[in-house]
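Hello,

Here is the structure for your files. Please open it alongside this message, as the notes below follow it element by element.

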Amino acid sequence: MDEIMIRAKQLNKTFTIKKGKQVTALKALDLTVKKGVLTAIIGPDGAGKTTFMRLVAGLMKPTGGKLTVLGLDSVSGAEEIQTRISYMPQKFGLYEDLTVMENMNLYADLHGVPQDSRPSRFRKLLTMMGLERFTGRLAGKLSGGMKQKLGLACTLVRSPELLLLDEPTVGVDPLSRKELWEIVQQFVREENLSVLVSTAYMNEAALCSHVYVLNKGELLADGTPDALCQIAAGRCFSFPPPQGEPTRVLQAHLIDDTEHIVDAVPRGGKVHFILQEHVTNVPYLDAHGIKAEPVAPTLEDGFMVLLHKAETESLPVSREEEEILDKGGRPGKEVNIIVKNLVRKFGDFTAVANTSFEVHRGEIFGLLGPNGAGKTTTFKMLCGLLPATSGVLSVAGVNLRTARTQARANVGYVAQKFSLYSNMSVMANLEFFGGIYGLPPKRLKERIQDVVSKFYLSDRLDMKAGSLPGGYKQRLSMACALLHEPKILFLDEPTSGIDPLTRRNFWRRITTLAAMGTTIIITTHFMEEAEYCDRFMIQDNGHLLAIGSPAEIRERLHMEGADMDNIFMTIVEQAREKGEEPK
Amino acid sequence: MNGFIRRMKALITKEFLQLSRDSSSLLLGMVLPIALILIIGYGISLDIKNIPTVVVLEDTSPKAQDVVSFLNGSAYFSPTYMTSLKDAEKVFLNRDASVIIDIPSDFTSKLSQGEAKIFVALDGVETATAMTTKGYIESSISSWLLRQPGMAGKSRIAIHSRMWYNDANSSTWFFLPGLIMLIVTIVGIMLTAIVMAREWERGTFESLFVTPVRPMELVLAKIVPYFCVAMVGVFICLILSRFLFEVPLVGSLAMVIIISMLYLMVALGIGLVISAITKNQFLACQTSILISFLPCFVLSGFIFDLRSTPIGVQIVGAVLPFSHYLTCIRSLFLSGTNWGILLKQGGLLCLYAIFFVGAAFGMTRKKVE
């Protein structure tokens, strides 16, 4: 009964980059995918998920081991495999200058779907994807979520024997993500579809029958989601923060205590943590008289335990940083940013409609929203990169609309893409950016010393910035943006494409910075990261839908303890029901 | 076979739809030829100024001096007067003069008989300048003749001009066939390299690969539409050169088209090979310019006669396909249908086409490594 669709035995894949240098993408991987079920591969970036997908699709040749797909060898049978399966790469190659219908017809033609069966199949797909009203629209003009749905529709123009989905929901808003998963599940039920999906979202993997956990090309564990949860069984606890204390400060205290604690995150308005093995109590909590309740482990907890076991390296936390936490941590009363009736139009299109908010000194303020919601536009206006159409915009007491250059002196900016000079050393980058900010030589030297020690860069000062590992790159970007000690730090999607451990480290730094009085404005598509924020706002179609602290927003929606994905979906759905039709 | 036709139809339809939506490729394919032909066609007939001119007055009579008086005070010429043709030739050979106007010793006596002659030698290396200079000299001399009392209509001066260094008595006509080559090359190589590299860059190929489509079909589906676009470009060139620049077409139009199609296949093949290697639009664009535009200009005989270049340059020029097409199309335009040349060069072009298109087929694999 259990028919095997994919079987990998001791599969190896190495890439040669430049002369002699080799990178191992997959090491001795054993994996099977059964017919008619959803199988997931989870793992941080660089785990080898995409490589495995491409090997299965016959787009790459394995370096060693055996891989059979639909009973065929993945190399000699590549052509037949490619005919019988469907594959949706991470960036599905839609033709942006073709319409929705033209894209679907192209794939139907290539797959040889007969003309007479097309109308019913297309109707079904389009209805499920919510695209039936947009058949004549160019694919390039669709929102991010819709593009992914169209990509999925193109792979499903006929019922494939096996469907490969490579991170189909990365960067897509929670609402579209949920819809996409419902569609895939429906096809699994109705057409007995076999699906292999890779994902970075744990709640998605939890929907699958079998999960493989990969890290740096190696299999850490595999099993049903429940079995993987049990890895952290009995070690997960949570507690609500005492009145007035930001969740992230307590979380920072716990995550610093690596002796007793594996992982700590703010979740559902509480601090959630996992104890190390054989540890029963946490000194910090005992000292502060905080009582934590045991909670059921989630897939993410199991995953974090596995990941911590595999990765021993973690950044030290200095005494100084801990002291800063003890002292500060609460945002001030002073208002740093004032936005009133901000509007930005591009021709007829209103990207940001009548938005007002204030941000206080030392506050972490998050901008959340699906792609095309207006968060990047708002963000750019705040940084002074894009002029506003109308409204009041004041940053650190300077009117951004009249004195942009002056306002910029108070601002540090970290762009989404690594935007430092890749072929210059770490030190040269720091010196260059210090020079740009106009720091006098002596001051510059002091500042460089300061940021180098704060961001743990001292061991790589002579390395070219481009060859740094991901986590270092990001710390270097932050260090450069903070050289001139700006009052406000802007971070555009700083955690996208970064593995969970590095993300924890990143937020740990942000917590320290905020405690020292730096105001932080951040955009993110990881909704759960809103939990680190003092306050955040949600935008959709250019309209501000909700603003407040995570606790306030939960209370307003009567969703105590709910996770951020659910809160986001509820807010967007409510707004759309009120008549705010999606574009 | 059925599947092949169905897939080809789908891919080619897609290509034409994209062409109709994305005006940049169409601009490259059709507006670029027009722009180039106008810029180069007109730009090459540069205005002349201060041409170093040697006048040899073997006849020193006032009449003989008067006939070349237009040179004095003219912005176009800076004349030097001599009496010996030998001396003048020395100056000319040193490239210190570009024109010799020789008035023979019997000029005045023959003038009244209506048999006067003037010899003009021009520097054929600077073809365009030489032609313009010649035109000025001829018209100035005939208008002088008209001003002579009692001579209008009766008398004439025969102007014997000769191009030095270049026997092929060239003109702007000479450039237009070359221009067609330039345009076919640029459109063929650059356009295909860019559109193919775009598919790699945008990841559209990765999705297409996991369908029953065969690599050969992907390549063919690129060749067909861009072949059409580039042929439209060729026709635009032909029409413009015929009606705007009035270049005569001595040879057969059919052969011009057939040879152009053959050469276009070479260009498309090169473009596809470039994109298969670079897989990146920017790199593909840069590479195409580097290996097509520049060699086309200087190593094909388009501007400089390859025969007058050092042997090394000649070899490079002969290895590149550009000069072979240029030879064909030039001879077709200016001297007629020469089957010897056409068969030899056309055969070579065939080999080039098979090589590059074959390489493109071989290099386009359904792999992303």
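What is the volume of the second largest cavity? It is about 60 Å³. A few conventions before the rest. This is a predicted model, where local features need pLDDT of at least 70, side-chain atom pairs count only at pLDDT 80 or more, and totals for chains, interfaces and linings use all residues. Residues are numbered from 1 along each chain as its sequence is written, chains are lettered from A and ligands numbered from 1 in the order in which they are written, and side-chain values use heavy atoms, with hydrogens and water left out.

**Cavities**

A cavity is a set of points, on a 1 Å grid over the protein atoms alone, where a 1.4 Å probe fits but cannot get out; lining residues have an atom within 4 Å of a point. Grid points are joined across faces, edges and corners, and a volume is the space filled by probe spheres set on the points. Helices (H or I, at least four residues) and strands (E, at least two) are DSSP runs, numbered from the N terminus.

The second largest cavity is lined by Gly471(A), Gln474(A), Arg475(A), Met478(A), Thr502(A), Asn505(A), Phe506(A) and Arg509(A). Helix 17 (470-481) and helix 18 (500-515) of chain A are the elements that give two or more residues to this lining. By class, the lining has 2 nonpolar, 4 polar and 2 charged residues. Here Ala, Val, Leu, Ile, Met, Phe, Trp, Tyr, Cys and Pro count as nonpolar, Asp, Glu, Lys and Arg as charged, and the others, Gly among them, as polar.

The structure holds 6 cavities of 30 Å³ or more. Helix 1 (2-21), helix 7 (172-202) and helix 9 (215-243) of chain B each supply at least two lining residues. Helix 7 of chain B gives the largest share, 4 residues. By class, the lining of the largest cavity has 5 nonpolar, 3 polar and 8 charged residues.

**Two buried residues**

Buried means under 20% relative accessible area (1.4 Å probe, protein chains only). Contact means heavy atoms within 4.5 Å.

Thr204(B) is in helix 8 (residues 204-209) of chain B. Thr204(B) is buried, at a relative accessible area of 3%. Neighbours within four places in sequence aside, Thr204(B) contacts Gly93(A), Leu94(A), Tyr95(A), Tyr107(A), Arg198(B) and Glu199(B).

Val157(A) sits in the loop between helix 5 (144-155) and strand 7 (162-166) of chain A. Its relative accessible area is 1%, so Val157(A) is buried.

**Strands and sheets**

Two strands pair if DSSP finds at least two bridges between them. In strand 3 (residues 38-42) of chain A, 5 of 5 residues are buried. Leu38(A), Ala40(A) and Ile42(A) cover one side, and Thr39(A) and Ile41(A) the other. In a regular strand the side chains alternate between the two faces of the sheet. Strand 3 of chain A runs parallel to strand 8 (residues 195-199) of chain A, joined by 5 bridges. Thr39(A) stands opposite Leu196(A) there. A further 4 bridges join strand 3 to strand 9 (residues 210-215) of chain A, also parallel. Ala40(A) stands opposite Val211(A) in strand 9 of chain A.

One open sheet of chain A has 4 strands in the order 12-13-11-14, with antiparallel pairing. Strand 12 (261-267) and strand 14 (293-294) stand at the edges with a single partner each, so one side of each lacks a neighbour in the sheet. Strand 11 (residues 236-239) pairs with strand 14 of chain A over 2 bridges. Ser238(A) has Glu293(A) as its bridge partner.

Another open sheet of chain A, also of 4 strands, has the order 16-15-18-19 and antiparallel pairing. Strand 16 (349-360) and strand 19 (398-399) are at its edges, each with a single partner strand. Strand 18 (residues 390-395) and strand 19 of chain A are joined by 2 bridges. Ser394(A) has Asn399(A) as its bridge partner.

Best wishes

Technical notes. Buried < 20%, exposed > 50% of the residue type's maximum accessible area, 1.4 Å probe, protein only. 1 Å grid on protein atoms, 1.4 Å probe; cavity = no way out; pocket = protein on both sides within 12 Å on 5 of 7 lines; lining within 4 Å.
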